[in-house]
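These are my notebook entries on a structure that I looked through for the first time. I set down each item as I looked it up.

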Amino acid sequence: MPAVEYPRLEETLYHERLDNGLDVFVLPKPGFTKTFAVFATRFGSADNRFRLGDGREFAVPDGLAHFLEHKMFEEPDGDVFARFAANGASANAYTGFDQTVYLFSATRNVDRCLDILLDFVQNPYFTDANVEKEKGIIIQEIQMYRDNPDWRVYFGLLEALYHRHPVRIDIAGTPESVSSITKELLYECHRVFYHPSNMHLFVVGGVDPERTMETVRANQARKRFDPPAGLERLSADEPEDAKEPMRQATLAVAMPKCYVGFKEAGGNLSGERAIRRDLAARIVLDALFSRSSPVYQEMYDEHLVFDSFGAQFTSGPGYAFSAIGGDTRDPGEMVRRVTEAMERTAERGLDPDVFERIRRKKIGAHLRLWNSPEAVAGEFVRFRHRGGDLFRLVELYESLTLEEANGWLRAHVHPSRRAVSVMRGDAS
Amino acid sequence: MSLNAEPFVRGRSGRIRLHVLPTKKFKTYAVVLYAGVPLSEAEITRVALLPFVLGRGTASYPETLALREKLDAMYGAHFGYDVGKRGDHQVVQFRLDIIGDRFVSSDTPLLREALNLLGEVLTAPALEDGRLVARYVESEKKTVAQKLDAIINDKIRYAEKRCLEEMFRSEPYRLPALGRKEDLEGIDAASLHETYRRWLRIAAFDLYVVGDTSLEEVKSLVEGAFRLPDGPPGIYAPSLPRQAPPEPRTVEERLDVTQGKLNMGLRTPVTYAGPDYPALLVYNGLLGGFPHAKLFVNVREKASLAYYASSRLDGHKGVIMIQTGIEIANYGKTLGIIREQLEAMRRGDFSGDDLAKTKEMLANQLTALRDNPFDRIWFDFNASVAGVEHTAEELLAKIRAVTPDDVVRVAQTVGLDTVYFLRDRKEETVHARG
């Protein structure tokens, strides 16, 4: 079985692609008690329009991928959580824009837990009754997020930035869209997106790589899969400009919350180019807005922002955007200051010393991540889905240049691609 | 595998208890300093403010930006602080997460740099006219005020906080660890400095280091970096739990929300230090600690009433908090189902299979602690606050020995104290219009 050593990280990664197309990765962590496995499919809330090899086109209701994630946990012989619990393992799952991830952590019975994970995710069991029952639970999840101002102000920004790209849609959908989901549609999406060739399995922890790989091989050899459905994702025709300059909403909050963000034009980079762009963006945003930046400190000293203030950069197929903000007493002033700082730096360029300091900080933070099997597993599949390699991140950070970082910022800061989202307290 | 294969090595440096776990397993040094004082109505807000002000600048790095740049240059050392409650104590926590020297090329060993910095933050802060810097004090008062105000933004946290306030309305424990907004106004650099001096004299200090080091090394680094008044280490007095009243109190509150939040506060005289604590862990696990537990199965899976329904145990205080988010109209129905689960636990109405699963899940949690340096510190500190000397492995052995009768005995001590329901304003508006 092929293994790649990464001496700098003191890690060795084992990889094999099975005959059915499933990519399996094992990262042994000698001395660790816990094993963490993630089984991920490239199917998220933004994969809502697609065409199959047989020519059929689909536009699925909002929240379908997330609904499917919930429903996978039900099996004819009972709840999957109970089977993990009997092996002392805890299981969970999450759905993002571009992926759905199933995971467990266990300190023993790892082989059995791997079988349970592979079996429940590859064995859909939907009935009209169990699909109906799930709607009540998911509608309560949606209502919970409706009351969450951080979530709402973040999606407000996405709704303002994007005209049509499905990244603007809430991952869980709406009570109405969820109500229209049927078991037939769930089966169809499962067949298309949960094909082994569209999935990754990553196992990290106190495991023997050969034995783990053999467990997975044996499990997959017992199953038959149809050929891949010839999936083609249909991309939304997204204009370069922001949809609208500003979104506002009200909720019971103590102080306004505000994000300002820019969307990237021609944001369809992939593979290493996309990863480099993301790293350049993260260094620049950190240099400009982290707690060691003069801009943050000034705004903080004036009580314009608090330690909830932050800057992030998010990207995926067909979308990439920055989001900068947090709690603020004066959203208009915060937006003005953030934009001004970005425009000024785009014009003058980052100070080379600052660039080096932040690069060093990012490398240190990335190395710390390797302490946490959970974090490594989550980040690994996220990078893999983008066509990137988490294990090469330090190298990529080291090869980034100041010119790349400055070039990114100049292209990013564009007035017509800016939007603002504000959440204010209930005036009544 | 033995859980205490790498036990903490203990020592002392003046008033600071040292707990060092020498290991090469991790790529980092994890450093945590706990400073605990008894909860005091008079002092709670000033003590809460201290870490915020101390984190602004030190004698060597009096300007905040210089201090933060220093942390960046230490390969992005993560420095954080927090204030929490452990039983009837207010505990300030400083935390450093630093990359191990073998992964980077640093001029000075990073652990030395980290402990020097922490020692300065705690014992040699930036001063002006011999006391804490007034502009930092004023600035951080605003930050703490904002944090206190912001609790209402997260309705799950808000509902829990309100339920605890109602449960403990006549005890200092009702106070949030961050203090009270109304106290902030009266604080200035002089009064805060006085609190700081006293806090250094009376707080119980515990310093934990996990990483590629030794007690001797940590001790010598601490002796060079921390300048605390002399004296014996402080202690944590156990908290005295109370029984729930015969009938629970119900509190309803209205806010602009879509989803109702139902919190139920329960009390038990069984606490962390008591012989029945392992059975209490099992009780809480069966009731609402896991996805196979009664609350998740009956409120969510069977009745589709909620997305989350769980219970959380505070073993220091003998409190179990049940929480769920529901359709407002389903309040009565949900309350009924939850009370039925509490009754079922009292009757011993749970299967041997569920008991076994719960023990396996608790075993998984306790065993997994080993792989996270901060979790190991957290576990050891909790035990030491409670005055218990057990390792995770010893606790686990006791959990495995818990019988159904033990769980029923504990269940019968658990009483419902407070029902708190956060709901919308709609009906109120209708009445006003009608």
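Which residue in strand 16 of chain A does Lys257(A) stand opposite? I found that Lys257(A) stands opposite Asp327(A).

**Conventions.** I note that the model is predicted, so that local features need pLDDT of at least 70 and side-chain atom pairs count only at pLDDT 80 or more, while totals for chains, interfaces and linings use all residues. Residues are numbered from 1 along each chain as its sequence is written, chains are lettered from A and ligands numbered from 1 in the order in which they are written, and side-chain values use heavy atoms, with hydrogens and water left out.

**Sheet with strand 16.** I looked up the strands around this pair of residues. Strand 14 (residues 257–262) and strand 16 (residues 319–327) of chain A run antiparallel and are joined by four bridges. Two strands count as paired if DSSP finds at least two bridges between them; helices (H or I, at least four residues) and strands (E, at least two) are DSSP runs numbered from the N terminus. The open sheet has five strands of chain A, in the order 13-17-14-16-15, with mixed pairing. I read an average twist of 15° from one strand to the next.

**Seven-stranded sheet.** I then turned to another open sheet of chain A, in which seven strands follow the order 1-2-3-11-4-10-9 with mixed pairing. Strand 1 (3–6) and strand 9 (90–95) of chain A are the edges. Strand 9 pairs with strand 10 (residues 100–106) of chain A in the antiparallel sense, over six bridges. Within this pairing, Ala93(A) has Tyr102(A) of strand 10 as its bridge partner. Helix 3 (residues 110–122) of chain A packs on the sheet and touches strand 4 (35–41), strand 10 and strand 11 (199–205) of chain A; contact means heavy atoms within 4.5 Å. The direction of helix 3 makes about 160° with that of strand 10 of chain A. Axes are lines fitted to C-alpha atoms, for helices over the stretch in contact, and angles run from 0 to 180 degrees between N-to-C directions.

**Cavities.** How many cavities of 30 Å³ or more does the structure hold? I found three. A cavity is a set of points, on a 1 Å grid over the protein atoms alone, where a 1.4 Å probe fits but cannot get out, and lining residues have an atom within 4 Å of a point. The largest cavity has about 60 Å³ of space, a volume being the space filled by probe spheres set on grid points joined across faces, edges and corners. Helix 9 (271–289) and helix 13 (373–385) of chain A each give two or more residues to its lining. Helix 9 of chain A gives the most, with four residues. Among the lining residues I noted Asp278(A), Arg282(A) and Phe383(A).

**Interface.** I last looked up the two chains together. In contact are 63 residues of chain B and 62 residues of chain A. They bury about 5600 Å² between them, 52% of it on carbon and sulfur atoms; buried area is the accessible area (1.4 Å probe) that two parts lose on being put together, summed over both. Lys27(B), Asn153(B) and Tyr307(B) supply 12% of the area that chain B buries against chain A, more than any other three residues.

Note on methods
On a 1 Å grid over the protein atoms alone, a cavity is a set of points where a 1.4 Å probe fits but cannot get out, and a pocket is an open set with protein on both sides within 12 Å along at least five of seven lines; lining residues have an atom within 4 Å of a point.
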